[in-house]
Amino acid sequence: MQKTLRQIKEFLLSERFKKYAKRFGFLVLGLFVLLLLACGALSIYFNQNKTEIIAKVNQKINENINGKFHVTDFHYKFLTGFPNFTLALNDVELKDNQWNSHKHTLLKAKEIEARLNMWSLIQKEINIHKIVINDAQINIYKAPNGYSNTNIFKPKKKKTANTAKPETSLDEIILDNVHVSIDNQLGHKLFDFAVTSLKSKVNYDDDNWTTDLFLKTKINSLAFNTVHGSFAKEKELEGHFDISYNDLKEKIDIRTKNLKIGDDAFDIVAFFNVGKGNSLFGINIETNILWRSASNLLSGNISKKLNQFDLKKPIEVNCDIKGDLNAEGDPKIVVQAIIKNNELTIPDGLFTNCSFKGIFTNNFKPKNGFNDANSAIVLTHFKAEYEKIPLTISQAVINNLEKPIATGFVNSDFDVSKLNGMANGKILHFESGHAKANLKFQFDIVDLYINKPRFTGDVDIDQTTFDYIPKNIHAEKTDVKLSFTEQALYIKKIAYKHKKNIIRIDGRIDNFLNLYYDAPEKMVVNWNIYCPNIDVKQFLGVLKKSAAEKRMAQKRTAKGNVNFTNQLKSVIEKCTAVINLKADKITYGSLTATNTTATLQMLDSKILLKNGNVQTSGGTIAFNGAVEPKGNYYIFSSTAQVNRVDIASFLKSFNNFGIQSFSPKNIRGRLSSNANVTGFMNSKGDLIVNSMRGKLNFNVNQGALLNFEPIMKVGKFAFPFRDVENITFSDLSGDLTLRGEQIDIHKLTISSSVLNFDIDGIYSFGRGTNLALTVPLRNSKNDAQLSTKEERKAVRERGIVLHLIAYDNEGKMKIKWGKRDKE
């Protein structure tokens, strides 16, 4: 290596090298001097022929225009573009013949360099090979009537057979700091670019040409419809373009790869027809880009909507734009995107693990034009998790972006505990269970929020355990099968179990899809309920509104998106439920009823009972009634027909109706009664006896009164020798009016084995008892043997008759002689 370096050094220092170096230097110097002489000669030639050259340039330009070409000054640029002749045109203006009417100057440039072929120039011909435009404005204008200032250029003359190449072949174009505006008033389009640099070298093939063009510009406007705004507004664009022109087709084709628009790279293929009667164009764009970056490249009317959504990771996008530059309105736009394992944010929430193919088109129905009303977003093969709930949508369409409507099919298979994450102001809390849903959906999108979703299809929930929090209801291992149709919601199966309660439900809700959102108060839920076993008291809490519910109801507003859980609460509160009930066993405190049937209507936290029938205490009860929450109590009203129930068992079931003077063990027999009563129950479902009001009549067959203290007192006072501890009745009947704490006894007739007596007056559960007793003294032991009621009545008051008063004395029952009305 050192030997080689030494040899090179010796050669450079040798006389031989110095001799050749000197000759080469003289050659270079000679060439430079020759260049200076040639350029000087060109300058002298230009100065001597300036007038003629200027005239020929003007002539050449004016031969091809219908307008005015104005140049303030010409000068020759020394040494620039040698061996070509570089002519600089200063303060250039190009105007068409109708400039005075529209005021749009086609070209205004501070300087234009034109490089002319030297040989052609010597032959008195102007042949321009290169143009450099510096600090200029190019304004292409098309008026609403279709006139364009580009009409300044005269039609090209047809070639003759002997023509090989145009006299002027513009081989290179350079733009430096040029503002380009294409204002199409006819088609409402505006393309505006601040070109920092444009370089184009053109290769000709007869009248066809190709170029490799470099462009660096700022996009001020790329508006295919000025009403809707610009694409890629205020974005920097930089890249190389392969451009070709076919003269026969009058068509320009453009291709570019890795074109930078802002911070993103694009591959673009485009064509533009430039014939007089054909202005069709097409642009296809491919990129891998973030959602927001892509959205911000679109026109304002589209990006405003799309910016309400977001995807966390970049997506593969293909955008196809086709239209007519002279046509009014938007071009046809089709955007396709492929999303894989992404996160999709929508105004209503977040989809995770999201994959799908999306298509946007502004021409969903081909005959309806290119506009928002005919725009659609189509999603296919959608898979994601929403609030941890897996969703699969084979296809969904969001149609009409002016009033968007979404339709599609959704499938889901998940553990219902995942629903807890969707609760807003909790209504349901799920502990276990599994759900499957196969639904066709449709919903409006209002201000980009989901509004009034409608579903048809099936939902199956198996073995779910949950709490309905507003009513403090706990359900265990419940099965639910729902079928949504256009006509009704069918509840095919609900199997509910909680504590001692077992309920099986099926039913339907007619016109469910229309009434759920718009008129829940008109919704009628028809239930068929079968209960092998049910405890009524445990269900009274269903009626009561919690304080939290009331607060939430007060906070609700009419505006904004309707939250799903709030809407569900509203429907539950407002709808009417009609229940056909059949129960094998019903318990109400101590009362046990079997073979129960009834129709229940639940309306706004109120239960109406119709056509009720139960078997209890060895007899039957037919009833109608209503139960409604009021404050911390429940108000009830009831009409009932009691037929031959065991009176002791019946009274025991209702805590003896609060009567303290005797207990169920004091009486036996079969009770029949008609009642029309209202009153209150406490939060546990127990009757508040002194709240009852209404009318009651009754009679007891095969009755007996055992060890009843008030009668025993009367008996000891008046009939010390009769068995008043074990009294049997041939007649025990009464007609009563309930007034809360007091009972008006209009007539209480007792025909017994000890004596007969009639009672009327006031009986009080507290203070104020005042009863008049009419007691015939004759022994009535054998009256029951008389065959007819008339015979018994005829002998009833024979003999001595006592008139006694049973009254309240400081809380104790006292007996005295007299009549109540004479007291």
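Predicted model: local features only at pLDDT ≥ 70, side-chain atom pairs only at ≥ 80, totals over all residues.
A residue is called buried when its relative accessible area is under 20%, exposed when it is over 50%, and partly exposed in between, using a 1.4 Å probe and protein chains only.

Residues are numbered from 1 along each chain as its sequence is written, and side-chain values use heavy atoms, with hydrogens and water left out.

Back to His 381, which you'll find in strand β16 (residues 376-386). Strands here are DSSP runs of E, at least two residues long, numbered from the N terminus. What does His 381 touch, leaving aside residues up to four places away in sequence? Ser 355, Phe 356, Ile 393 and Ser 394, where a contact means heavy atoms within 4.5 Å. Lys 357 is 24 residues from His 381 in sequence, yet their C-alpha atoms are 6.5 Å apart in space.

Now for the rings. Rings of Phe, Tyr and Trp (its six-membered ring) pair if their centres lie within 6.5 Å; planes under 30 degrees apart are stacked, over 60 edge-to-face, and the rest tilted. The whole structure has 6 such aromatic pairs. One of them, Trp 209 with Tyr 245, is stacked, at 5.7 Å centre to centre and 25° between the planes. This pair links distant parts of the chain, with Trp 209 in strand β7 (residues 208-223) and Tyr 245 in strand β8 (residues 235-246), 36 residues apart. Tyr 245 counts as buried because its relative accessibility is 15%. Phe 351 and Tyr 386 make a tilted pair, because their planes are at 45°, with the ring centres 5.0 Å apart. Phe 351 sits in strand β15 (residues 349-361) and Tyr 386 in strand β16, so the pair ties together parts 35 residues apart in sequence.

Finally, a look at the backbone. Most residues other than glycine have a negative phi. Ala 232, in the loop between β7 and β8, has a positive phi of about 50° although it is not a glycine. Ala 232 is buried, because its relative accessible area is 6%. Glu 250 also has a positive phi of about 50°, and lies in the loop between β8 and β9 (251-261).

How values were computed: Helix = DSSP H or I, 4+ residues; strand = E, 2+ residues; numbered from the N terminus.
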